[in-house]
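Please walk through the model below one region at a time.

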Amino acid sequence: MESFNAGDVAEKIMAAIQKEYKELKTLNVMVLGKTGVGKSTLINNMFSEKLADTGIGKPVTDKIRKIEKPDFPLAIYDTPGLELGGQNVVNALLADVTEEIKKGISSGDIGKMIHCIWYCISTPSHRFEQTEVDFLKAFLNQTSLINVPVIVVLTQSYSKADARSLTAEIEKENLPIVKVVPVLAEDYEIDEEYVAKAFGLDTLSEIINNVIPEAVKKTFIAVQCANLEIKKRRAQAIVATAAITAAATGAIPIPFSDAALLVPEQITMIGSITAVFGIRLEKGTIYAILSATIGTAGTTILGRTVVSNLLKLIPVAGSVAGGIISGATAAALTAALGEAYITILARVVKGEMNVKDISTAKGKKEIARIFKDLLKIKRDNNGTAIESEIETSADNTNSFEIND
Ligand SMILES: Nc1nc2c(ncn2[C@@H]2O[C@H](COP(=O)(O)OP(=O)(O)O)[C@@H](O)[C@H]2O)c(=O)[nH]1
Ligand SMILES: [Mg+2]
């Protein structure tokens, strides 16, 4: 029988991850606001790559700068010079910006359109100046005609009271905007004793996710780093789909060897989840995760002993009758593998786990334990948990031993 090597699988998963990243359409965000309101700080804290510091700015017009980074599917259209000086300057900027937005739309290419606009106003400025109101109204007049969502972001909102009153003031204007969202992109030191904690980026992220076109949602979820829940939700949906596919394939004979657990659907699942989290993983890391969950390093994945031991943990499976596992068992295995992978990547994103830790003996043991806990969850025939999820506690001493 052809053996199924973890290295080969890791290779296939790397290819699936590459494919996922390549297929992401570029997300285009336009950011407007006066110099010093905190546009760069906001951009740097919303996305996993610090575009505003190190991104290569390319002048699109004398007022608009396009910031991009190689191999990162995000483009920021920054307008550093929005000073709202004389009326001529304002009119020229308005013309430039609307021209740029219209150009994208007439291209017919979703990757070239502006998908969302953030209009930034600094909360400490305390008031919504008439010139700014007029500019915003003229601008919204253009953007609502062409249907691009505009979010007003109140930056540097270390005073929540000031943010509330400025929000009320702007809302009074009844502008055709998505929402007014107060944020503090970075902790703000008010004095030696008091530091205002950063807030609001998770809310902003959720709102953006709701208004951008479907075609770039995947990209946004991948490149944003402000809202982990959005990533988790998307990843869980991917797992649910993969588990249903596994269930639908029906009874699967064991040993799986080159079939079953890591069929193309599962490989795609791992690839898609990785893209959602926007993490760059090396082959060695994937290999470590695989060996800690469904196989042992360097040997055939899912030899009969390993499979039997894993299956014993699954409530719906129990024993393996006649050397065949049911669709429900395949679904449960797929769901547990996907959920274990989400748990690990979420920890990496939260900074609780370092990518390098994954490959250590301790890391692998921890991953094995997470997987085992998830296998034990009672699920329906499609792999959906039917009891409240077991909390994968860090201090579980009953760790899972993988047999060779
Ligand atoms: N602590 C803190 N400082 C901020 C925040 N937003 C902006 N700043 C500071 O305000 C100044 C101007 O911000 P910047 O992002 O360069 O503004 P831009 O000109 O609109 O791009 C910088 O010194 C930032 O560090 C924030 O959310 N928290
Ligand atoms: Mg800037």
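**A guided reading of the model**

Arg379 is placed in the segment after H15, where helices (H or I, at least four residues) and strands (E, at least two) are DSSP runs numbered from the N terminus. The model is predicted, so local features need pLDDT of at least 70 and side-chain atom pairs count only at pLDDT 80 or more, while totals for chains, interfaces and linings use all residues. Residues are numbered from 1 along each chain as its sequence is written, chains are lettered from A and ligands numbered from 1 in the order in which they are written, and side-chain values use heavy atoms, with hydrogens and water left out.

With a relative accessible area of 3%, Arg379 is buried; here buried means under 20% relative accessible area, exposed over 50%, and partly exposed in between (1.4 Å probe, protein chains only). The side chain of Arg379 makes a polar contact of 2.9 Å with the side chain of Glu339. A polar contact is a pair of N or O atoms within 3.5 Å; within protein, one must be able to donate a hydrogen and the other to accept it, and residues adjacent in sequence count only if both atoms are side-chain atoms. A polar atom of the Arg379 side chain also lies 3.0 Å from the backbone oxygen of Leu374.

The next region is the ligand site. Ligand 1 has 14 residues around it, of which Gly36, Lys39, Ser40, Thr41 and Asp187 come nearest; a residue is near a molecule or strand if one of its heavy atoms lies within 4 Å of it. Helix H2 (residues 39-46) supplies the largest share of this shell, 3 residues. By class, the shell consists of 4 nonpolar, 6 polar and 4 charged residues, where Ala, Val, Leu, Ile, Met, Phe, Trp, Tyr, Cys and Pro count as nonpolar, Asp, Glu, Lys and Arg as charged, and the others, Gly among them, as polar. A backbone N or O atom of Val37 lies 3.4 Å from an oxygen atom of ligand 1, and for Gly38 the corresponding distance is 3.0 Å. From Gln156, a polar side-chain atom lies 3.1 Å from an oxygen atom of ligand 1. Taken alone, ligand 1 exposes 570 Å², and the protein buries 69% of that; accessible areas come from the Shrake-Rupley method with a 1.4 Å probe, and for residues only the protein chains shown count as cover.

The side chains of Ser122 and Gln156 are joined by a polar contact of 2.8 Å. Ser122 counts as buried, at 11% relative accessibility. Leaving aside neighbours within four places in sequence, Ser122 is in contact (heavy atoms within 4.5 Å) with Val37, Thr155, Gln156 and Leu166.

Asp187, one of the residues that come nearest to ligand 1, is also touched by Ala196, along with Tyr158, Leu184, Tyr188 and Ile190, not counting residues up to four places away in sequence. Ala196 lies in strand E9 (residues 195-196) and counts as buried at 4% relative accessibility. Ala196 and Ser159 are 37 residues apart in sequence, yet 8.2 Å apart in space, C-alpha to C-alpha.

What follows concerns the nonpolar cores. A nonpolar core is a set of buried Ala, Val, Leu, Ile, Met, Phe, Trp, Tyr and Cys residues joined through side-chain atoms within 4.5 Å. The largest has 56 residues, and Ile273, Phe277 and Ile286 touch the most other members. Among the elements that give two or more residues to this core are helix H1 (6-23), helix H10 (264-277) and H11, and H13 gives the most, with 13 residues. Apart from this core lies another, of 31 residues, among them Phe72, Val153, Leu204 and Ile208.

Why is helix H11 (residues 283-293) largely enclosed by the rest of the structure? The reason is that 8 of its 11 residues are buried, including Ile286, Ile289 and Leu290.

Two loop residues remain. Asp71, between strand E3 (65-69) and strand E4 (72-78), has a positive phi of about 60° although it is not a glycine. Asn174, between helix H6 (160-171) and strand E7 (179-182), has a positive phi of about 50° and is likewise not a glycine. Asp71 is exposed, with a relative accessible area of 69%, and Asn174 is exposed, with a relative accessible area of 69%.
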